[in-house]
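Please look through the sequence and the fold together before reading on.

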Amino acid sequence: MVDLSLERSWTVTDEQALLARARRLEPEALAEVHERYYPMLYFYILGRVGEAPVAEDLVGEVFLRLLEALHRGRGPDRHLAAWMFRVADHLVADHHRNRHRRPTVPLEEAWMGPIQEEAPDVVLRQRVREALEALTSEQRAVILLRFWAGMSPEEIARELGKTPGAVRALQHRALMTLARRLRAALDQGDLP
């Protein structure tokens, strides 16, 4: 099992040194990238898809794409975390798009017929997930890292290559958007 605790003592200089080593395909550096960024990416993706096995698969795909890019002499030049979060955003969007194209229904659910009523917590989680999808990718990253992973604005700023003030502004705008969307859902009777 992978340790999902978050190491928080890194600086931008540390990240850039690690990236330089990873670009040279040093095995120790690649292992360090995985250990360092897996927890953040996992929590970020889990917050967007809501299913642990799917989140694990998508995080694996992020690292696969990083390795492929590094082997081709491409990939991130300055901000490793920001590059991986952008890839994660694209993978999550593809996942949701494919899911809507080919919806799946568990076999036992198909045999039981239509569900009478959705449980309130399921509805609430779905509305929150929909509200998160309305945010920009940077706002989503800040919200999920701040509230799911418990990182401070300063830690998030280092990870995303931004200033703490920019992170706080993204957080504020994101929370306002989430509040507005959830309030609208509540007013329309879409929330329990």
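Contact here means heavy atoms within 4.5 Å. On that basis, and leaving aside neighbours within four places in sequence, Ala52 is in contact with Tyr42 and Leu46. Ala52 and Tyr42 lie 10 residues apart in sequence and 8.5 Å apart in space, C-alpha to C-alpha. Ala52 belongs to helix H3, helices being DSSP runs of H or I with at least four residues, numbered from the N terminus. With a relative accessible area of 30%, Ala52 is partly exposed, a class that lies between buried (under 20%) and exposed (over 50%), computed with a 1.4 Å probe and protein chains only.

This is a predicted model, in which local features need pLDDT of at least 70 and side-chain atom pairs count only at pLDDT 80 or more, while totals for chains, interfaces and linings use all residues. Residues are numbered from 1 along each chain as its sequence is written, and side-chain values use heavy atoms, with hydrogens and water left out.

A nonpolar core is a set of buried Ala, Val, Leu, Ile, Met, Phe, Trp, Tyr and Cys residues joined through side-chain atoms within 4.5 Å. The largest one has 50 residues, and Val33, Tyr37, Leu41, Ile45 and Met84 have the most contacts inside it. Its largest share, 12 residues, comes from H2. Val33 touches, beyond residues up to four places away in sequence, Leu18, Ala22, Tyr38, Phe63, Leu66, Leu80 and Met84.

Note on methods: Helix = DSSP H or I, 4+ residues; strand = E, 2+ residues; numbered from the N terminus.
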